[in-house]
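Hello,

Here is the structure I promised to pass on to you. Have a look at it first, and then read my notes below.

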Amino acid sequence: MNRIAFFLAIVFCAGLFSCTPKKVTLETLLAEMTDRTAITRLPENSFTLKQFSSYDRKSVSPDNNDWWANADYTQFIREEENEGRREFVLFDADGPGAVVRYWMTFAGEGASNGTLRFYFDENEMPGIEGNVLDVLSGKKLAVPPLAASVSPETEYEHRGQNLYLPIPYAQHCKITYECDAVKFKNNRRSPSIYYNICYRTYDSGTRVETFSDEVLSRAKSAIEKTAQELLTVSKPDGEFLTDGKTLAPSDEIFLETNEEGKAVSHIKIKLKAENLNQALRSTVLSVTFDDEESVWVPVGDFMGTGYQIFPSQTRYSKVSDSGEMESFWLMPFQHSAKIRLINFGDQPVDVNIEATLSDYLWNKTSLHFGASWHEFNRIFTAKDSSLENHEWHFDVNYVDLKGQGVYAGDALTVFNTVDAWWGEGDEKIFVDGESFPSFIGTGTEDYYGYAWCRPEKFSHPFIAQPTGAGNFHPGMTVNMRYRSLDVIPFQQELNSNIELWHWVKTRINFAMTAFWYAKPGVQKNVQANIESVKIPVAMKRSDIYKPEVNDEGKIEGEFLEVVSVGSGTVETQSGDFGWSNENQLWWRNGNTGDETIAKFILPESGKYHVSAQFTKAVDYGIFQLFMNEKPLGKNIDGFAEEGVPTFVVDFSDLVLNQGENKLTVKLIGANKKSQPGNMVGIDYLKFVPQK
């Protein structure tokens with residue numbers, strides 16, 4: 001072999017060696033988690049991402065009602081006996097792979113008093129063993145935020161337990177839970193054990209080092225360094241582009257560059273307006289890379305604060321008390337980038353924007369950042385008219401993508417209208433045309449890392465709830481989930497959905513933002529909708545559900561707009577008690593002599609015959625109604641010795657005004673046979689015009 005041929009052979013071999021994917025270890029996964037460029041490229045070690053969960057196994061096909069089955073707890077792959085122990089298998093996957101996100105929560109006596117075990121590579125001895133809470137959110141494996149429970153403001157037993165420390169394995173992994181409290185009796189399972197486990201499966205032949213105590217000990221400093229870096233959010237180095245001005249309606253401000261070898265690494269925005277809440281929704285962030293618009297999202301939703309300022313800090317977003325909003329998504333481009341803020345509202349908005357451009361080497365694996373937004377405004381939580389095979393729940397879509405890339409997260413801005421939980425629905429994410437989703441979960445709050453509908457706020461590098469005010473009451477909730485090691489690769493298409501599964505049949509606003517990275521040319525089904533961002537934002541229930549008497553002369557009790565409550569609590573109660581719309585307005589634990597005041601809207605003035613349906617029970621009180629401060633009939637006794645019957649009361653004819661009218665409910669006392677509670681239940685009011 002001559003010297004030139006030998007040299008070329010060496011270069012060729014070196015090229016082959018340099019293209020060989022590196023070995024996957026705990027340390028490489030930790031490095032990937034904190035490398036902001038990693039998510040911007042197709043994975044170096046190709047993998048699929050999937051999930052095991054405790055979802056209701058009745059959910060088999062969208063062609064039947066069981067698709068929305070909701071018994072998403074204590075569902076396991078199988079039960080095994082190991083050395084006399086009863087262990088329930090939660091996870092069973094061939095490698096090479098890695099567990100990259102693990103969430104659990106519990107309810108019921110003894111549910112969390114169990115032992116979690118990871119078995120690696122068909123070894124009969126567990127590689128990880130310990131109390132489930134110590135493993136997932138304690139310090140047995142890692143420090144926060146790699147092992148964390150949220151919200152810290154929530155009672156510990158009601159928190160979501162999150163493990164983000166990656167657990168790699170070369171050949172196989174099985175996860176079991178030993179819990180003596182688990183019982184299966186009469187087709188019932190107890191106590192309640194919920195879990196979602198995301199895992200990577202690498203291409204065959206990928207070299208992976210299996211997790212072990214020795215590996216954990218070796219990686220201790222890397223774990224601590226990663227944890228600290230995840231908690232540290234700071235402006236990256238680079239050159240700055242800035243501008244600021246007052247945007248008149250339909251006006252815009254923009255920053256642009258044609259410099260190659262760069263990526264947008266930071267965007268900071270602050271808005272000022274007379275109606276800041278509306279400005280956060282009506283001012284839209286549009287980003288175009290290489291002549292392709294890939295981001296179109298209202299500023300507030302993009303930054304994870306909805307349309308009110310709620311402070312939070314994640315790996316990719318930060319919002320301060322002062323209203324300064326920051327994005328830390330790394331957004332690479334080949335030739336050009338243009339960042340626009342457009343005022344689609346009807347008021348002037350003061351805008352200040354700053355963008356950072358950092359060095360970035362674009363190559364054939366690089367991806368454009370993308371984000372979409374749409375709102376289901378005033379959507380009914382029951383019966384999607386386009387579906388024929390169910391009476392209540394249905395799936396709503398974050399985004400459909402066609403192309404190649406990775407799904408990087410999503411967020412919800414919800415305005416709830418009743419005193420009931422809106423997020424019972426499970427995520428359903430289909431990858432590359434599969435007929436059953438790779439990801440089907442156990443509840444919206446579980447998908448976003450917390451648990452039990454809890455309203456307490458929290459921030460974490462990858463999950464956050466800046467406000468949960470709308471979780472149990474009328475108001476806004478914002479939930480975010482950003483992905484790192486748990487990005488979902490897709491080669492051809494991705495279809496991301498979540499169930500709209502509300503406890504109550506009502507109307508809400510449901511705004512959905514999705515984030516991804518994809519090869520240029522990706523197609524998405526969610527397009528810019530200017531009219532939707534012009535809609536006035538909801539700040540109170542009546543902004544969505546005006547308390548109007550309908551065409552049949554009827555208003556449901558739960559649709560009345562409650563103005564004041566003298567004592568106790570007033571909320572919507574759901575149930576199968578013969579109530580119209582399966583709900584009633586429910587006043588509990590009021591003091592005798594106190595009043596609850598509500599209002600309703602009549603379409604026109606006139607003389608009306610008034611009737612109403614109420615509820616009786618053993619703990620209901622005696623009350624009187626007033627219409628526009630005039631007594632409406634005699635005292636009404638809500639006591640019943642048995643059951644929860646409804647009853648109709650006819651009142652005298654009244655002359656009522658067009659527009660707002662006031663209904664007052666006054667507690668008079670209680671039947672001497674009544675149990676404590678002093679309750680009042682209003683199913684509906686009815687108004688029949690009289691000549």
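Is Cys173 buried or exposed? Cys173 is buried, because its relative accessible area is 0%, and buried means under 20% relative accessible area, exposed over 50% and partly exposed in between, with a 1.4 Å probe and protein chains only.

Before going on, a word on the source: this is a predicted model, where local features need pLDDT of at least 70 and side-chain atom pairs count only at pLDDT 80 or more, while totals for chains, interfaces and linings use all residues. Residues are numbered from 1 along each chain as its sequence is written, and side-chain values use heavy atoms, with hydrogens and water left out.

**Cysteines**

A disulfide is a covalent bond between the sulfur atoms of two cysteines. Here it is taken as a pair of cysteine sulfur atoms within 2.5 Å, and by this rule the count is zero. Cys173 is in no disulfide, as the nearest cysteine sulfur, in Cys198, lies 14 Å away. Cys179 is buried too, at 1% relative accessibility. Its closest cysteine sulfur is that of Cys173, and because the distance is 20 Å, that is too far for a bond.

**Nonpolar cores**

In soluble globular proteins, nonpolar side chains tend to be buried together. A nonpolar core is a set of buried Ala, Val, Leu, Ile, Met, Phe, Trp, Tyr and Cys residues joined through side-chain atoms within 4.5 Å. The largest one has 160 residues, of which Leu165, Phe302 and Phe510 touch the most other members. Strand S35 (residues 507-518) gives the most to this core, with nine residues; strands are DSSP runs (E, at least two residues), numbered from the N terminus. Apart from it lies another core of 32 residues, including Val549 and Phe600.

**A residue at the surface**

Now turn to Gln523, which lies in strand S36 (residues 523-524). Gln523 counts as exposed because its relative accessibility is 54%. Leaving aside neighbours within four places in sequence, Gln523 is in contact (heavy atoms within 4.5 Å) with Asp400, Leu401 and Lys402.

Enjoy exploring!

Conventions:
Helix = DSSP H or I, 4+ residues; strand = E, 2+ residues; numbered from the N terminus.
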